[in-house]
Amino acid sequence: MKSPALEASLEASLSQHRPGRLCGIGVGPGDPELITVKALRRLQAAPIVAFPAGLRGEPGVAQSAISTWLQPHQQQLPLTFPYVQDEAILKAAWKTAADQVWQAMQNGDVVFASEGDISFYSTFTYLAQSLLQQHPEAQVEAVPGICSPLAAAAALGIPLTVRSQRLAVLPALYQMATLEAALAWAEAVVLLKVSSVYAQVWSMLQQQQLLEHSYVVKHATRPDQMIYAGLKDWPDLKLPYFSLLIIRVPHRRP
Ligand SMILES: C[S@@+](CC[C@H](N)C(=O)[O-])C[C@H]1O[C@@H](n2cnc3c(N)ncnc32)[C@H](O)[C@@H]1O
């Protein structure tokens with residue numbers, strides 16, 4: 001029979017070898033105050049904090065948003081996720097990142113901070129899938145955050161939808177026919193990743209007489225946030241990646 005002291009010490013040594021957990025937290029669109037209380041608690045409790053590495057040596061959005069809340073003893077783990085379409089390159093990057101996270105999890109809990117919400121077109125989904133493919137026993141938790149369309153609507157001071165209105169979100173636009181179909185179906189349409197197709201979108205909105213009902217928000221909630229409410233005078237805006245466009249289709253469903 002084991003003594004209570006021996007049992008406690010066995011348990012302690014077993015728990016030392018158990019990997020930590022991965023917790024994905026959505027940290028919101030940029031303003032450090034738009035993190036939830038729960039995400040902040042998870043962030044500050046974790047010994048290791050991972051996030052997507054910024055580009056060209058600049059801090060990434062999630063990294064900037066959490067920098068106020070990080071504590072000196074926390075280990076930072078920037079992970080590289082390329083901005084490409086090539087599925088093979090992406091999968092290789094997700095696997096490399098998952099390997100790094102798994103290795104870090106051997107030393108304790110890891111929080112992965114992601115901009116906006118972690119299940120809304122988020123890198124966290126791919127990271128967690130890749131981790132679980134290789135290590136099905138890994139413990140993964142997700143804490144939601146405020147996503148960019150909601151932050152943009154608040155910045156504009158408009159409701160995104162009311163009553164029975166329908167909302168369409170187009171994560172990227174490869175064909176104008178997709179936008180046309182969305183405008184025929186929904187009362188509110190949100191276009192993410194709009195920067196590369198802005199000129200074509202503007203022309204379609206002009207044809208459909210929707211420019212007055214369209215809004216662009218660049219870097220919502222960040223110090224350099226810019227708002228364009230009504231796009232009639234803005235046919236050739238040069239927008240950064242973190243911009244989105246909202247169209248409120250008038251005179252349809254209340
Ligand atoms: C891959 S999606 C990520 C969405 C993110 N997970 C979220 O919850 O908002 C990236 C797109 O989200 C939009 N976006 C994210 N943050 C933004 C911000 N602060 N201001 C404007 N658009 C933003 C942009 O359209 C960008 O191209």
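A residue is termed buried when its relative accessible area is under 20%, exposed when that area is over 50%, and partly exposed in between, with a 1.4 Å probe applied to protein chains only. Tryptophan 94 is buried in this sense, with a relative accessible area of 13%. The structure is a predicted model, in which local features need pLDDT of at least 70 and side-chain atom pairs count only at pLDDT 80 or more, while totals for chains, interfaces and linings use all residues. Residues are numbered from 1 along each chain as its sequence is written, and side-chain values use heavy atoms, with hydrogens and water left out.

The domain assignment of the protein chain, whose bounds come from an automatic or database domain assignment, gives domain 1 (4-143) and domain 2 (148-248). Their centres, taken over C-alpha atoms, are separated by 31 Å. The contact between them (heavy atoms within 4.5 Å) takes 10 residues from domain 1 and 11 residues from domain 2. A UniProt annotation from an unreviewed entry, "domain: Tetrapyrrole methylase", covers residues 22-230; UniProt positions are given in the numbering used here, feature names are shortened, and annotations may be inferred rather than shown by experiment. Over residues 22-230 the chain is 36% helix and 20% strand, with the end C-alpha atoms 43 Å apart. Helices (H or I, at least four residues) and strands (E, at least two) are DSSP runs, numbered from the N terminus.

Angles run from 0 to 180 degrees between N-to-C directions, and axes are lines fitted to C-alpha atoms, for helices over the stretch in contact.

Within this sheet, strand E2 (residues 48-52) pairs with E3 in the parallel sense over 5 bridges, and isoleucine 48 stands opposite glutamine 75 in E3. Strand E1 is joined to E4 by 5 bridges, the two running parallel, and glycine 26 stands opposite serine 114 in E4. A further 4 bridges join E1 to E5, again in parallel; here the bridge partner of glycine 24 is alanine 142 in E5. Because 5 of the 5 residues of E1 are buried, this strand is largely enclosed by the rest of the structure. Both of its faces are covered, with Leu22, Gly24 and Gly26 buried on one side and Cys23 and Ile25 on the other.

Tryptophan 94 is located in helix H4. Apart from its neighbours within four places in sequence, tryptophan 94 is in contact with Phe81, Glu87, Tyr126, Leu127 and Ser130. Its C-alpha atom is separated by 19 Å from that of glutamine 106, which is 12 residues away along the chain.

A second open sheet is formed by 5 strands in the order E6-E7-E10-E8-E9, with mixed pairing. The twist averages 15° from one strand to the next. Strand E8 (residues 214-218) and E9 run antiparallel and are joined by 4 bridges, with valine 216 opposite tyrosine 228 in E9. Helix H6 (residues 148-156) lies across E7, E8, E9 and E10, running at about 70° to E10. Helix H7 also packs on the sheet, touching E6, E7 and E10, and its direction makes about 165° with that of E6.

In helix H7 (residues 176-185), the buried residues are Leu179, Ala182 and Leu183. Seen down the axis of H7, these residues fall within an arc of 100°, so they line one face of the helix; the arc is that of the directions from the helix axis to the C-beta atoms. They pack against strand E6 (167-170), strand E7 (188-191), helix H8 (198-207) and strand E10 (243-248).

Glycine 230 lies in the loop between strand E9 (226-229) and E10 and is buried, with a relative accessible area of 11%. Not counting residues up to four places away in sequence, glycine 230 touches Leu211, Glu212, Ser214 and Tyr215.

Terms used. Two strands pair if DSSP finds at least two bridges between them.
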